[in-house]
Amino acid sequence: MSDREMEEMKKLLKEGLPPLRDAELGRDLWPAMLERLAAPPLRLPWWDWVLLAGASATILFVPGVIPALLYHL
Amino acid sequence: MELLERFAAGDLEAFETLFRQYQCDVFRWIMRIVRDRAAAEDLTLETFWRMYRAHARFDVAKGNCGGWLRRIATNAALDHLRRKRREVPLPEDTPDVPKAPPEEQSELRQTIFSAMDRLSPRLRVAILLALVEEEPYDSIAEVLGISVNAVKVRVFRGVRILRKELSAAGVHP
């Protein structure tokens, strides 16, 4: 591809998608950041751990269920 | 203690100072990649969230907070583009540049966006930054964590695919 073709593509792209160097934020995001910092960390409920342990044990002791599990996924 | 040292030690006030200092720059940078105001605001928060969580890994000796933030922001934007690859909406925030009649320009923009949507996010980001935003290749290489040659290869490959897609849509550069 020549430099001329590259320049033509650049020109076309800039016509369709004007550069956004001067996009303004418009509002202070610090309050939203504080909310995010204050949010409790995501924790899995104990029941999910039980299900995970059960599924792992089943796969470990009854490997024959793996194709069935894969089929249903 | 210096601001960056306090931030690296986990000081929330130092983080707030840095947040206020850089939030506009980070937003503007992300906007140039994702071209969607709502997504850019979310990703700005995500960038600072990642920054805060990684405060202990910040290299105070280098002291380049702006560069570090740009790399985090670029990664966050790339993650967003990967997630949203199949549903890129037409941006409403792009400034009006009256080079063509509005309907024609809107149609052209839609065609270009559809073609861009078929590019992988890494090619798309390279093209947007290099050809649309005219960022220097070395600064693109720095934020993407690759060599300048690798950026050139991505731009070249992306343009080749774009030409094909645009030609198929009846737009000939």
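**Exercise 1.** Determine how many residues of domain 1 of chain B are in contact with domain 2 of chain B, and which elements supply them.

*Solution.* Nine residues of domain 1 of chain B are in contact with 11 residues of domain 2 of chain B, where a contact requires that the C-beta atoms of two residues, placed from the backbone, lie within 7 Å. The model is a predicted one, in which local features need pLDDT of at least 70 and side-chain atom pairs count only at pLDDT 80 or more, while totals for chains, interfaces and linings use all residues. Residues are numbered from 1 along each chain as its sequence is written, and chains are lettered from A in the order in which they are written.

On the side of domain 1 of chain B that touches domain 2 of chain B, the elements giving two or more residues are H2 and helix H4 (65–83) of chain B (helices being DSSP runs of H or I with at least four residues, numbered from the N terminus). H4(B) provides the largest share of that side, seven residues.

**Exercise 2.** Describe what chain B brings to its contact with chain A.

*Solution.* The contact takes 34 residues from chain B and 23 residues from chain A. On the side of chain B that touches chain A, H2(B) gives the most, with nine residues.
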